[in-house]
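Please have the structure open as you read.

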Amino acid sequence: MRTLFKGGSVVSGSGAKRADLAVENEKITELGRNLKGDFDRVVDVSGCLLFPGFIDAHTHFDLDVCNTTTADDFYTGSRAALRGGTTTVIDFACPNKGESLHYGLDLWHKKADGRTFCDYGFHMTIDDWNESIRAELPDMFAKGISSFKMYMTYPAMMVGDQCLYWALKELKSLGGICGVHCENAGVIDGMIAERKNAGELSPASHPLTRPPYLEAEAVSRLLRIAQAADCPVVIVHLTNQEALKEVEHARARGQKVFVETCPQYLLLDDSVYFNEDYSQAARYVCAPPIREKGQQALLWKALRRGDIQTISTDHCSFTLAQKEMGRGDFTRIPGGLPGVETRGELIYSYGVAAKRISLGRMCRALSENPARLYGLFPRKGRLHPGSDADIVVYDPGASHVIRADDCVANVDYNPYEGFVTAGGIRQVWLRGRLSVEDGKVLDETPQGRYMARGKCSL
Ligand code: DUC
Ligand code: ZN
């Protein structure tokens, strides 16, 4: 099947260029002005932007958290992803402490294989360090896992400084990359105990017990450990200026540090937690918390300057009924927000159209950089001959209002309810197959494939 996309502007990390795009079966074959030839179908994309399919390198589907399981599994979450222009997700395989990495990987394949609408890969969570985990690592690479995750908070998953050090040293020798959740667990626990003793049990206590400087402290400590291990790291879901300063210091020392942020930190502010209505406030509980409004402009600026490389969602959805678990005790609210369905339109609308970042920066943050960082480039992350034909056809002249009722994720609220978009996704193509049109997911059966990934090339 040969398809011609005619009359659009093709977006890359360096901006948009008028060009036609030829696709044969699953791959892009040609890119250029006024392409001619025999095509089975011609798609008129005049006036539209063609983005390389978005990559969301931070999702949590079918994950057990706080004695419950995320509302979205791979079936519903990846369907929502595809509807939002995300053609590849990288989820976190998460063995429990004491379980092997292989067990965790097999478990995540069971959750995802045959049930995922977009292409997918896994990062592997390291929540313990011993000889048998060390010995498993080379085989993880052989199975397409080139990136890992460690937590400096959450008792079920967190690791201490020594484990961080040994694991990073080993990953350095194997050519891996590690994302780290940075928050200071000990002081946060102390602050939580203080607020509980004072009877301050509402969601308002959530941001007050996880202040930005305790994120910055953990970033600083991690980066010194990474310096000792001589290993590049990714700071996942970075939220604030003090944490960014720590990254700046490490880069000035010559360290390789990558930074991810998320739409909730760019677009929402902590006033959401101070709503008297429990249900309204609890729905925004996530860690790290959403910060005060002034941080938003600083994060946009860091994106503009290239100091932040990727925007992922940390999609970790719970229904309002699940969020009820924390009524009367904010520490029992399952933490996480939905976001996988709305990231592309939100970043275009409030980033590009609002002139906070360029089109090229958006393309880098959502497609090109995650592809390079996580070993998917050049198969994913660009519209170029030889690459997969994962294409988002974006109509900059359209507009709609984001409503939970219109979304397909398995969750009954949307953190961006009422946000107006500038433009909208007209079509999503997954490996040359029209999968979404005008907000409707056309695929009835999941078409996603597991992506064995290579090493970081960013
Ligand atoms: N933060 C959340 O809010 N949920 C899932 C994991 C995380 O880091
Ligand atoms: Zn996460």
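## Polar contacts of ligand 1

In this predicted model, an N or O atom in the side chain of H237 lies 3.4 Å from an oxygen atom of ligand 1. The backbone takes part too: a polar backbone atom of A287 is 2.8 Å from a nitrogen atom of ligand 1, and a nitrogen atom of ligand 1 is 2.9 Å from a backbone N or O atom of G335.

How much of ligand 1 does the protein bury? On its own, ligand 1 exposes 240 Å², and the protein buries 96% of that.

## The pocket and its shell

If you turn to the pockets, you will find ligand 1 in the largest pocket. Around ligand 1 are H60, Y154, H181, H237, C286, A287, D314, C316, G335 and G336. By residue class, this shell is made up of four nonpolar, five polar and one charged.

## The zinc ion

Which protein donors does the zinc ion (ligand 2) have? They are H58 (NE2), H60 (NE2) and D314 (OD), at 2.0 to 2.2 Å from the zinc ion. Along the chain, these donors follow the spacing H-x1-H-x253-D. Two of the names return from the other site: H60 and D314 are also among the residues around ligand 1.

How values were computed:
Residues are numbered from 1 along each chain as its sequence is written. Chains are lettered from A and ligands numbered from 1 in the order in which they are written. This is a predicted model: local features need pLDDT of at least 70, side-chain atom pairs count only at pLDDT 80 or more; totals for chains, interfaces and linings use all residues. Side-chain values use heavy atoms; hydrogens and water are left out. Donors are N, O and S atoms within 2.8 Å of the metal (3.2 Å for Na, K and Ca); water is not among the atoms, so sites may look incomplete. A residue is near a molecule or strand if one of its heavy atoms lies within 4 Å of it. A polar contact is a pair of N or O atoms within 3.5 Å; within protein, one must be able to donate a hydrogen and the other to accept it, and residues adjacent in sequence count only if both atoms are side-chain atoms. Accessible areas come from the Shrake-Rupley method with a 1.4 Å probe; for residues, only the protein chains shown count as cover. On a 1 Å grid over the protein atoms alone, a cavity is a set of points where a 1.4 Å probe fits but cannot get out, and a pocket is an open set with protein on both sides within 12 Å along at least five of seven lines; lining residues have an atom within 4 Å of a point. A molecule sits in a cavity or pocket if more than half of its atoms lie within 2 Å of its grid points. Ala, Val, Leu, Ile, Met, Phe, Trp, Tyr, Cys and Pro count as nonpolar, Asp, Glu, Lys and Arg as charged, and the others, Gly among them, as polar.
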